[in-house]
Amino acid sequence: MTKNKMRAAGIIFCICLLFLGACEKNSPKTRDKLHVGVTYYDQSDTFMNELIACIREKMEGLGGKDLDITMTVRGASGSQQIQDDLVEEMIYGGCQVLCVNLVDRTDPSDIIELARKNNTPIIFFNREPVEEDMLRWDGLYYVGADSEQSGVLQGELAAEAIQNNKKIDRNKDGKIQFVVLEGEPGHQDTIIRTENAVNTLKKHGIELEKLGSGIANWNRAQAQNRTMQLISQHQGNIELVLANNDDMALGALDAYQKLNYAENELPIFFGIDGTDVGLEAVREGKLSGTVYHDKEGQAAAMAKLAKAAGTGKGMEDIPFQNKKYIFLPCTKVKK
Ligand code: BGC
Ligand code: CA
């Protein structure tokens, strides 16, 4: 090549570079992508389905002109093994952050190990891992309700109702005969809600007599069965039903309706959650009260945290308690 030809080639090369640069500036910037994987313990859980719907809505709301957020949601059908496999699929499928509602909150080791190796942060929600597991890696967070407060508020609602209506003590012995319907054994909300509801009633000076309790795993049909058994043991003597969630409070009511109890022979029922059916039952006076489990607040906190943890931007704006936890308060609901 002659000197002149080389110079001409150089000039053309530079013009091309300038041209390419200009194209890049004028073309719209491609949006960053954030793929969020969500898995929850069981697709038949009423509250969880409502919470998941809120999470979808809040995640979509956080996308914008700079960020394209996509979500994969998978239920684990009550099996930790299935959930472990789902988490693996999601991580290898390109999810940059995971939201995990564990099936077994005491068994997150495999999930944590896999996430740590692949540097994929996890937001656990609603079913809280034990502290020892939460400390295994920096990329682990928890979002949930304040369990203790939900129990206290249920106890306060029941105490107010009993103090304001002498007829609730139907046998007029000065004590309230009660039963408890409990969620899954080992779930933080089961243990803490029951304990705090009962203690709060006592603190308010209500004399209690516990007739029995039944484990109904958050489930309406199981609560109906357990209540049928409790009724057959104690007939019309139950004056108060404390249920760890709305579905079980409604299941207890179903049992009385199935046995054709008259309105004035019914105990009073309290739930927790404020699900659509739960709130409707409070409106109709079938449940005496419930405690609103702030699914909108939890979903908003999860979406904001997922965006920050997944993009690495904005972590300093997250109001953590104890570095990795976000607990949202509950509120009382009565007619
Ligand atoms: C809710 C229940 C739900 C459970 C699932 C609890 O916090 O109150 O309704 O079934 O979480 O983990
Ligand atoms: Ca009584």
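Author: Let us begin with the polar contact, which is a pair of N or O atoms within 3.5 Å; within protein, one of them must be able to donate a hydrogen and the other to accept it, and residues adjacent in sequence count only if both atoms are side-chain atoms. Please keep in mind that this is a predicted model, in which local features need pLDDT of at least 70 and side-chain atom pairs count only at pLDDT 80 or more, while totals for chains, interfaces and linings use all residues. Residues are numbered from 1 along each chain as its sequence is written, chains are lettered from A and ligands numbered from 1 in the order in which they are written, and side-chain values use heavy atoms, with hydrogens and water left out.

Reader: Which side chains have a polar atom at 2.9 Å from an oxygen atom of ligand 1?

Author: One is R193, with a polar side-chain atom 2.9 Å from a ligand oxygen, and another is N245, where an N or O atom of the side chain is 2.9 Å from an oxygen atom of ligand 1. For N126, the distance from a side-chain N or O atom to an oxygen atom of ligand 1 is 2.6 Å. Taken alone, ligand 1 exposes 310 Å², and the protein buries 100% of that; such accessible areas come from the Shrake-Rupley method with a 1.4 Å probe, and for residues only the protein chains shown count as cover.

Reader: Which residues surround ligand 1?

Author: A residue is called near a molecule or strand if one of its heavy atoms lies within 4 Å of it. The residues around ligand 1 are Y41, D45, F47, N126, R127, H187, D189, R193, W218, N245, D273 and H293.

Reader: Why does D173 count as partly exposed?

Author: A residue is buried under 20% relative accessible area, exposed over 50%, and partly exposed in between (1.4 Å probe, protein chains only). D173 counts as partly exposed because its relative accessibility is 34%, and K175 is partly exposed because its relative accessible area is 30%.

Reader: What is a nonpolar core, and how many residues does the largest one have?

Author: A nonpolar core is a set of buried Ala, Val, Leu, Ile, Met, Phe, Trp, Tyr and Cys residues joined through side-chain atoms within 4.5 Å. In soluble globular proteins, nonpolar side chains tend to be buried together. Here the largest core has 59 residues, and those with the most contacts inside it are I123 and F125. Helix α11 (residues 295-311) gives the most to this core, with eight residues; helices (H or I, at least four residues) and strands (E, at least two) are DSSP runs, numbered from the N terminus. A second, separate core of 22 residues includes L157, I176, I268 and C330.

Reader: What does I123 touch, beyond residues up to four places away in sequence?

Author: Contact means heavy atoms within 4.5 Å. Leaving those sequence neighbours aside, I123 touches V97, L98, C99, V100, Y141, V143, M302, L305 and A306.

Reader: Is V198 buried or exposed?

Author: V198, found in helix α7 (residues 188-203), is buried, because its relative accessible area is 14%. Not counting residues up to four places away in sequence, V198 touches F178, L208 and L242.
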